[in-house]
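Please keep the sequence and the 3D view at hand while reading.

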Protein chains: 2
Amino acid sequence: MELVKHILLAKFKESVSEDEIQQLIKGYANLVDLIEPMKAFHWGKDVSIENMHQGFTYVFESSFESTKGIEEYINHPAHVEFASIFLPSLDKALIIDYKPT
Amino acid sequence: MELVKHILLAKFKESVSEDEIQQLIKGYANLVDLIEPMKAFHWGKDVSIENMHQGFTYVFESSFESTKGIEEYINHPAHVEFASIFLPSLDKALIIDYKPT
């Protein structure tokens with residue numbers, strides 16, 4: 001089975017509280033139960049010491065079995081609804097997908 | 001055992017050939033054998049379809065058991081030597097570390 005990782009780097013807006021961030025992350029994690037091709041979800045705050053993170057402070061990492069699966073995820077109503085709440089809470093976002101070898 | 005992921009997003013300079021990129025990636029992968037705290041290494045080319053990758057085209061993902069391990073890695077002579085060859089070959093680099101939950 002192929003593995004494709006979907007990485008979102010994020011920086012939340014200053015106006016978004018720590019509680020709101022936790023709620024948003026819960027909503028993100030919940031997508032695993034709603035969107036079949038999304039197989040796993042992990043996240044973490046930046047703990048880097050090299051100061052090369054360009055302002056991004058959170059990493060969200062989800063796993064899929066194909067790029068087709070990521071396309072299904074992007075277009076899934078549950079993702080579209082979540083993204084409409086999540087993306088406006090961000091100052092910066094970067095998304096990259098790769099097949100780890 | 002704790003897990004800390006060290007993510008490097010990269011874009012190689014136009015002047016760097018595909019062969020040179022493959023050599024550089026081999027050198028990166030080789031660090032796992034030289035630097036004890038570096039426990040795993042995976043990489044992949046960007047395959048994202050959302051056009052939010054901000055020009056980055058490669059993901060390099062290494063695993064450590066602590067942030068202390070990443071600090072040891074950064075300061076290890078084998079890494080310092082490799083970075084002195086690798087970083088000048090890049091147009092853009094972004095580094096972020098996180099403890100996946």
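In helix α2 of chain B, which covers residues 67-75, the buried residues are G69(B), I70(B), Y73(B) and I74(B). When one looks down the axis of α2(B), these buried residues fall within an arc of 140°, so they line one face of the helix. The model discussed here is a predicted one.

On the face of α2(B) that is turned away from the buried side, the exposed residues are K68(B) and N75(B). The buried residues of α2(B), for their part, pack against several elements of chain B, namely the strands β1 (4-12), β3 (58-64) and β4 (90-98) and the helices α1 (18-34) and α3 (77-86).

Which residues are buried in helix α3 of chain A, residues 77-86? They are A78(A), H79(A), F82(A), A83(A) and F86(A). Around the axis they cover an arc of only 125°, which puts them on the same side of α3(A).

The exposed residues P77(A) and E81(A) are carried by the face of α3(A) that is turned away from its buried side. The partners against which the buried residues of α3(A) pack are, in chain A, the strands β1 (4-12), β3 (58-64) and β4 (90-98), together with the helices α1 (18-34) and α2 (67-75).

## Chain A as a whole

Chain A contains three helices and four strands, and when it is read along the sequence these elements follow the pattern β-α-β-β-α-α-β. For 101 residues, a compact globule would have a radius of gyration near 13 Å, and the 14 Å of chain A agrees with this. The C-alpha trace of chain A spans about 35 × 30 × 15 Å along its principal axes.

Of the 101 residues of chain A, 49% count as buried, and among the contacts in this chain with a separation of 6 or more, 76% come from residues 24 or more positions apart. Chain A exposes about 5000 Å², of which carbon and sulfur atoms supply 53%.

Leaving aside neighbours within four places in sequence, S63(B) is in contact with L3(B), V4(B), K5(B), P37(B), M38(B), K39(B) and A40(B).

S89(B) lies in the loop between α3 and β4 of chain B, and with a relative accessible area of 8% this residue is also buried. Not counting residues up to four places away in sequence, S89(B) touches F12(B), K13(B), V16(B) and L24(B), while the C-alpha atoms of S89(B) and L8(B), 81 residues apart along the chain, are separated by 14 Å. In chain A, G44(A) belongs to strand β2, residues 40-45, and counts as buried at 3% relative accessibility. Apart from neighbours within four places in sequence, the contacts of G44(A) are T57(A), Y58(A) and V59(A) in chain A, and Y98(B) and K99(B) in chain B.

How values were computed:
Residues numbered from 1 in each chain as written. Chains lettered and ligands numbered in written order. Predicted model: local features only at pLDDT ≥ 70, side-chain atom pairs only at ≥ 80, totals over all residues. Heavy atoms only, no water. Buried < 20%, exposed > 50% of the residue type's maximum accessible area, 1.4 Å probe, protein only. Helix = DSSP H or I, 4+ residues; strand = E, 2+ residues; numbered from the N terminus. Arc of directions from axis to C-beta. Contact = heavy atoms within 4.5 Å. Rg over C-alpha atoms; globule rule 2.2 N^0.38 Å. Areas by Shrake-Rupley, 256 points an atom, 1.4 Å probe, with all protein chains shown as cover.
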